[in-house]
Amino acid sequence: MKRSEMREHIFRIIFQAEFADSEEKIENMNFYLEDLENISNKELTYIRTKTSDIFDHIKELDEMVASASAGWKLNRLGKAELAILRLATYEIRYDEDIPEKVAINEAVELAKRYGTDQSPRFVNGVLAKLATE
C-alpha cells in the first residue's frame, strides 16, 4: 500500500472521530482497521500508531491550526477540512520522515477529493503559513 493510501485511511479515521465520544475514538479506529483488506501488519501498525499519536496531540494541533487559519474558529471549519488540517499539521510538526511540501501537497489532494471547491486553496494557505512558522 502506498503511503498516500495509508494517509487517506488515517484521514478517514480522524474524520470519523469527530462524530464519536473521545472514549470511542480508539475503538472506532480498531473497527475501521479490522475491515481493511489486503493490508500488511506493518501497514496496520503504521496507520494505528500515527492515528493514535494524532489523537494524543489533538489539542496542540488544533491550537496550531486555529492560529494559522486567520480568524476562522475551528467550529466553523468543515469536518473534512479540519481532519485534513490536523493530519497535515501533525506531519509538518511531528513527523520528520515527511517533507513539509509533501504533507501540504497530499493535504491539498485530500481537500480536492473530500472538501468543497474552496477547500484546496484554504488548506494550502493554512498549511503554508504553518510551514513558515
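**Contacts, core and helix packing**

Tutor: Let's start with isoleucine 84: not counting residues up to four places away in sequence, it touches Phe11, Ala107, Leu110, Ala111 and Val123, where contact means heavy atoms within 4.5 Å.

Student: What should I know about where the model comes from?

Tutor: This is a predicted model: local features need pLDDT of at least 70, side-chain atom pairs count only at pLDDT 80 or more, and totals for chains, interfaces and linings use all residues. Residues are numbered from 1 along each chain as its sequence is written, and side-chain values use heavy atoms, with hydrogens and water left out.

Student: OK. Which helix is isoleucine 84 in?

Tutor: Isoleucine 84 sits in helix α5. Helices here are DSSP runs (H or I, at least four residues), strands are E runs of at least two, and both are numbered from the N terminus.

Student: And is isoleucine 84 buried or exposed?

Tutor: Isoleucine 84 counts as buried, at 1% relative accessibility. Buried means under 20% relative accessible area, exposed means over 50%, and partly exposed is in between (1.4 Å probe, protein chains only).

Student: How far apart are the C-alpha atoms of isoleucine 84 and alanine 131?

Tutor: Those C-alpha atoms are separated by 15 Å, and the two residues are 47 residues apart along the chain.

Student: Let's do the core. Which residues touch the most other members of the largest nonpolar core?

Tutor: Leu33, Ile54 and Leu127 do, out of 42 residues in that core. A nonpolar core is a set of buried Ala, Val, Leu, Ile, Met, Phe, Trp, Tyr and Cys residues joined through side-chain atoms within 4.5 Å.

Student: Which elements give two or more residues to this core?

Tutor: They are α1 (3-17), α2 (25-34), α3 (41-56), α4, α5 (79-94), α6 and α7. The one that gives the most is α5, with 9 residues.

Student: Back to leucine 33, what is it in contact with?

Tutor: Leaving aside its neighbours within four places in sequence, leucine 33 is in contact with Ile13, Leu44, Ile47 and Arg48.

Student: Now packing. What numbers describe two packed helices?

Tutor: The angle between their axes and the distance between the axes. The axes are lines fitted to C-alpha atoms, for helices over the stretch in contact, and angles run from 0 to 180 degrees between N-to-C directions.

Student: So what is the angle between α6 and α7?

Tutor: Helix α6 (residues 100-114) and helix α7 (residues 119-132) pack at about 160 degrees, and their axes are 8 Å apart. That makes α6 roughly antiparallel to α7. Under 35 degrees counts as roughly parallel, over 145 as roughly antiparallel, 65 to 115 as roughly perpendicular, and the rest as oblique.

Student: Which residues make that contact?

Tutor: From α6 they are Glu100, Ile104, Ala107, Val108, Ala111 and Lys112, and from α7 they are Ser119, Pro120, Val123, Asn124, Leu127, Ala128 and Ala131. By class, the contact of α6 with α7 has 9 nonpolar, 2 polar and 2 charged residues. Ala, Val, Leu, Ile, Met, Phe, Trp, Tyr, Cys and Pro count as nonpolar, Asp, Glu, Lys and Arg as charged, and the others, Gly among them, as polar.

Student: And α4 with α5, at what angle do those axes cross?

Tutor: They cross at roughly 100 degrees and come within 9 Å. That makes α4 roughly perpendicular to α5. In α4, Ile58, Glu60, Leu61, Asp62, Met64 and Val65 meet Leu82, Leu85, Arg86, Thr89, Tyr90, Arg93 and Tyr94 in α5. By class, the contact of α4 with α5 has 8 nonpolar, 1 polar and 4 charged residues.

Student: Aspartate 62, is that one buried or exposed?

Tutor: Aspartate 62 counts as buried, at 14% relative accessibility. It lies in helix α4 (residues 58-68). Leaving aside its neighbours within four places in sequence, aspartate 62 is in contact with Leu74, Leu82 and Arg86.

Student: Last topic, loops. Where does asparagine 38 lie?

Tutor: Asparagine 38 lies in the loop between α2 and α3. It has a positive phi of about 55 degrees although it is not a glycine. Asparagine 38 is exposed, with a relative accessible area of 78%.

Student: And alanine 20, where is that found?

Tutor: Alanine 20 is found in the loop between α1 and α2. At 18% relative accessibility, alanine 20 counts as buried.
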